[in-house]
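Hi,

Here is the structure I promised to pass on.

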Amino acid sequence: MAIIFLLAPLTILIMQLPDPSADALQVSRELQSRIRQTILANDGWISFSHYMQLALYTPSFGYYAGGAVKLGKDGDFTTAPEISPLFGATLAQFAAELFEGVPLRLLEFGAGTGKLALDVLSAAAQAGVPVASYQIVELSADLRERQQRALAGFADVEWLEVPPAAFTGLVVANEVLDAMPVPLLVKQGGVWLERGVSLDQQQLVFADRDCSSGMAEQIPEPTTLPDGYQTEIHPQQAAFVRMLSDMLHAGHGGAALLIDYGFPAAEYYLPQRSGGTLMCHYRHHAHTDPFYLPGLQDITSHVDFSATARAGLEAGLDVGFYMSQAAFLIAAGLPSLIDPQKAQDPSQWLPISNTIQRLTSPAEMGELFKALLLVDRIEVPDHFLRQDQSYRL
């Protein structure tokens with residue numbers, strides 16, 4: 001019989017966070033009620049990945065399945081495409097170089113507001129690069145509607161409810177892996193336990209139980225980590241990569257560009273990273289309590305890029321390259337996209353310079369965010385290989 005230990009919920013300085021509207025609070029309360037019912041229906045305990053799935057993706061109530069603004073200044077966080085159109089323009093230039101002489105076929109997962117697709121397609125059109133198709137797989141009906149409004153001027157965009165069985169071209173997943181539900185593990189008394197979610201007087205709380213077979217084996221050198229160490233493993237990310245592999249293998253060759261924040265395993269599972277990487281985002285405030293206003297806040301974890309690359313290799317893909325976002329954007333030609341006339345005008349150059357700084361500075365997104373390219377029957381241009389750091393994986 002599994003042993004369950006009830007743990008006090010994490011505390012945060014609630015007074016520092018903006019108050020939700022009455023309607024938003026009602027949505028969160030309804031979702032909490034549904035989560036409680038699910039816990040009770042599962043003998044009083046669900047895995048954290050199950051909780052995260054409910055909090056993010058419950059139809060009409062989950063964070064990504066409801067109608068609240070999530071991106072930009074009025075949302076909870078900002079992604080690279082929202083910062084500057086240069087990000088999408090650089091991706092368009094990269095795709096054109098990778099598939100030189102062939103009309104582009106692109107498939108984007110989790111397209112957000114549609115800003116990345118808009119910038120990629122606009123830059124391709126401006127550069128005279130032919131685009132055969134741009135497909136978007138989007139789980140959120142609300143975001144799909146926003147994307148369709150944003151991309152109304154492009155006839156070649158197609159929305160899919162499920163990934164295609166076969167695909168030839170470039171798959172783009174920008175900040176997709178971090179939003180996939182993760183199991184939590186914690187080491188207690190020299191033994192690894194799975195940290196899930198239970199109830200204490202109707203309040204959501206952490207609760208630990210025995211790990212299922214093989215979970216702790218997904219952590220490199222698990223015996224060397226100290227007691228009290230909490231971390232995440234990433235089975236859904238690995239399954240996603242296997243799906244991409246099947247899709248590309250069934251096509252005529254292609255590549256998957258995965259951009260997200262994370263580390264190689266040697267850095268992900270550092271002994272001093274004892275609390276893991278779980279993070280929540282609410283109205284541009286970051287905190288660590290996943291039970292605060294379920295449905296109104298994002299819940300994420302960093303990406304273990306070593307595990308992601310390994311899943312690709314085991315599924316028959318090759319690692320094209322692994323590097324920081326800054327190194328990727330520079331290698332892909334971001335500097336060449338800067339208008340020389342604007343660069344000479346301080347009033348125009350300052351805002352451009354500020355956005356480039358946010359995308360490439362080690363103190364901003366430049367180093368924490370990584371670019372991993374997995375390929376199937378595709379040759380990567382040499383100048384990218386000179387920046388490759390896949391030896392760190």
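**Salt bridges and their surroundings**

With a relative accessibility of 18%, aspartate 142 falls in the buried class. Keep in mind that this is a predicted model, so every value here is computed from the predicted coordinates.

Aspartate 142 is paired with arginine 146 in a salt bridge, and their closest N and O atoms lie 3.3 Å apart. Both residues sit in helix H6 (residues 141-150), and because they are four residues apart there, about one helical turn separates them. What about the arginine end, buried or exposed? Arginine 146 is buried, also with a relative accessible area of 18%.

In total I have six salt bridges for this structure. As a general point, side chains of opposite charge can pair when their charged atoms come close.

One is in helix H5 (residues 115-127), where aspartate 119 and lysine 115 are four residues apart, so about one helical turn lies between them. Their side chains meet in a salt bridge with an N to O distance of 2.7 Å. Aspartate 119 is buried, at 9% relative accessibility.

Which residue does aspartate 376 form a salt bridge with? The partner is arginine 377, and the closest N and O atoms are 2.7 Å apart. The side chains of aspartate 376 and arginine 377 are also listed as a polar contact, at 2.7 Å. Aspartate 376 is buried, with 7% relative accessible area.

There is a second polar contact to look at here: the side chain of aspartate 376 is joined to the side chain of histidine 249 at 3.4 Å. If you leave out the neighbours within four places in sequence, the residues in contact with aspartate 376 are Leu248, His249, Gly253, Gly254 and Leu317. When you open the model, I would start with aspartate 376 and pick out histidine 249 from that set, as their side chains make the 3.4 Å polar contact.

Happy to talk any of this through once you have had a look.

Cheers

Notes. Residues numbered from 1 in each chain as written. Predicted model: local features only at pLDDT ≥ 70, side-chain atom pairs only at ≥ 80, totals over all residues. Heavy atoms only, no water. Salt bridge = Lys/Arg side-chain N within 4 Å of Asp/Glu carboxyl O. Helix = DSSP H or I, 4+ residues; strand = E, 2+ residues; numbered from the N terminus. Buried < 20%, exposed > 50% of the residue type's maximum accessible area, 1.4 Å probe, protein only. Polar contact = N/O pair within 3.5 Å; in protein donor to acceptor, adjacent residues only side chain to side chain. Contact = heavy atoms within 4.5 Å.
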